[in-house]
Amino acid sequence: MSEPALSEPAVSDPAAAPVLLVDCCAGSRAAWEQTFLLARALRQRETWGGEPPEVWLACPAGGDLAVMANSAGIPLIELERPDAALPLWRDLSSALRRCRVGTLHTLDRSAAGVAAFLRRGRPNLRFVHSVRELPERGGPLPARAAGRADALVFGGSALLHMSRPPENTPARIILPAAPPVPPGPAGLACPLGPKAEPRGDGRFIFAADGPLTPAEDKGLLLQAMAQLQQMNISLPPWELRIAGGGPQFHDLLDLAESLGVKNRLALLGPQPRGVVLDGADAALSSSLGGAGDVSFLLDAWALGLPTACTAIPAHLDIMRGTAEDGAKITDAPALALPPGNPAAMAGAMLSLMREPDARAALAVAGRRALAALTPLRMARAHAALYAELAAPRPA
């Protein structure tokens with residue numbers, strides 16, 4: 001498999017043909033929120049360096065994505081039955097004719113097969129497909145989309161290498177955009193640094209996010225808790241809160257009891273991530289691979305939380321950035337730890353509790369990383385790809 005070619009992060013001569021983004025919202029909320037950020041940024045002159053092409057978004061009628069897009073003034077193609085192939089084909093086929101689409105870009109797996117079929121017999125239509133997370137079933141890259149796409153976009157190096165795209169299909173790594181930084185007092189952006197209001201009760205709270213599956217290895221966090229608890233060191237009262245559900249919920253409770261850390265653990269079930277993080281002093285990720293906890297880490301950085309995470313490719317991508325899509329990150333925004341190593345995680349937890357200067361430095365680095373991972377940067381990388389595909393090809 002060849003490495004993805006590098007693309008310029010800005011476009012000066014955009015193709016005039018409209019772009020249709022398609023997201024059936026079969027993936028996570030974090031995934032389709034990226035679709036919204038992309039659609040909104042693609043409609044800005046700053047993205048293209050001139051007048052942008054028309055950008056349409058096809059998504060489930062009445063869903064959260066449609067509501068957000070409508071409020072932002074993004075033209076919509078509302079899909080009545082996005083989970084059924086024939087109605088989806090009819091809706092998209094009609095949209096291609098009515099909107100005179102030049103680039104069809106699918107952003108979740110469920111739409112890719114239909115789009116690949118629509119690509120047949122349309123030599124002037126460019127078909128782009130994005131892989132942004134691992135599906136619950138099947139491989140990351142639908143076979144039909146892989147064979148007929150003009151280009152493939154991956155949300156990180158791990159997704160690229162796991163997908164094994166065809167040698168003759170251009171591939172790009174375009175990192176996700178960071179969430180908007182929460183406003184501070186009087187509507188001003190929060191200053192770089194740790195949370196302004198420390199907890200008054202002296203506790204130190206770690207936060208982690210689900211799902212509770214073997215790939216997320218939440219048992220490692222419990223083992224690290226046991227090792228930390230056994231250290232003969234004076235520490236403030238501390239605990240770990242894990243949001244999310246999954247098949248390992250009861251197994252983790254049993255493990256916590258056997259390790260003697262059940263009184264320090266709170267398994268919260270599905271919870272809004274912002275609520276869990278806002279009450280925490282630090283964020284942890286123990287993911288073993290795949291797409292990792294990228295959106296969780298980005299949200300933690302946006303709230304000014306210091307973080308520790310496993311050094312898997314998905315996490316290293318957003319910690320280091322990539323020159324390919326214009327993201328340049330200089331300071332490490334998280335403590336990167338070997339996967340599957342409870343002792344390393346226990347050491348990181350100890351450091352986060354005992355070293356306020358280190359916490360502050362991580363919080364600053366996290367905010368600076370967010371400044372590199374902007375929606376504008378993500379949209380410019382996509383616009384460069386669209387323009388490259390629209391350029392006349394040699395005979």
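User: How many bridges join strand β6 to β7?
Analyst: Three, and the two strands run parallel. β6 covers residues 151-154. One thing to keep in mind as we go: this is a predicted model.

User: Which residue in β7 is the bridge partner of Leu152?
Analyst: That's Ala171.

User: OK, zooming out, what's the strand order in the sheet?
Analyst: The order is β3-β2-β1-β4-β5-β6-β7. That's seven strands in an open sheet, with parallel pairing.

User: Which ones are the edge strands?
Analyst: β3, at 76-79, and β7, at 171-173. Each of them pairs on one side only.

User: And what does the twist average from one strand to the next?
Analyst: It comes out at 20 degrees.

User: Which strands does helix α3 touch?
Analyst: Helix α3, residues 64-71, packs on the sheet and touches β2 (55-60) and β3. The direction of α3 makes about 150 degrees with that of β2.

User: What about helix α5, which strands does that one touch?
Analyst: Helix α5, residues 109-119, packs on the sheet too, touching β1 (19-22), β4 (103-106) and β5 (126-131). Its direction and that of β5 make an angle of about 165 degrees.

User: Switching topic: at what angle do α8 and α9 pack?
Analyst: About 15 degrees, with the axes 10 Å apart. Since angles under 35 degrees count as roughly parallel, α8 is roughly parallel to α9. Helix α8 spans residues 218-230 and α9 spans 249-259.

User: Is their crossing left-handed or right-handed?
Analyst: The crossing of α8 and α9 is right-handed.

User: Which residues meet there?
Analyst: From α8 you have Lys218, Gly219, Leu222, Gln223, Ala226 and Gln229. They meet Leu252, Leu255, Ala256 and Leu259 in α9.

User: I clicked on Ala30. Where is it found?
Analyst: Ala30 is in helix α1, which runs over residues 29-42. Ala30 counts as partly exposed because its relative accessibility is 25%. Ala30 and Phe296 are 266 residues apart in sequence, yet 9.1 Å apart in space, C-alpha to C-alpha.

Definitions and conventions
Residues are numbered from 1 along each chain as its sequence is written. This is a predicted model: local features need pLDDT of at least 70, side-chain atom pairs count only at pLDDT 80 or more; totals for chains, interfaces and linings use all residues. Side-chain values use heavy atoms; hydrogens and water are left out. Helices (H or I, at least four residues) and strands (E, at least two) are DSSP runs, numbered from the N terminus. Buried means under 20% relative accessible area, exposed over 50%, partly exposed in between (1.4 Å probe, protein chains only). Two strands pair if DSSP finds at least two bridges between them. Axes are lines fitted to C-alpha atoms, for helices over the stretch in contact, and angles run from 0 to 180 degrees between N-to-C directions. Contact means heavy atoms within 4.5 Å. Angles under 35 degrees count as roughly parallel, over 145 as roughly antiparallel, 65 to 115 as roughly perpendicular and the rest as oblique. A crossing is left-handed if the near helix is turned anticlockwise from the far one by less than a right angle, and right-handed if clockwise.
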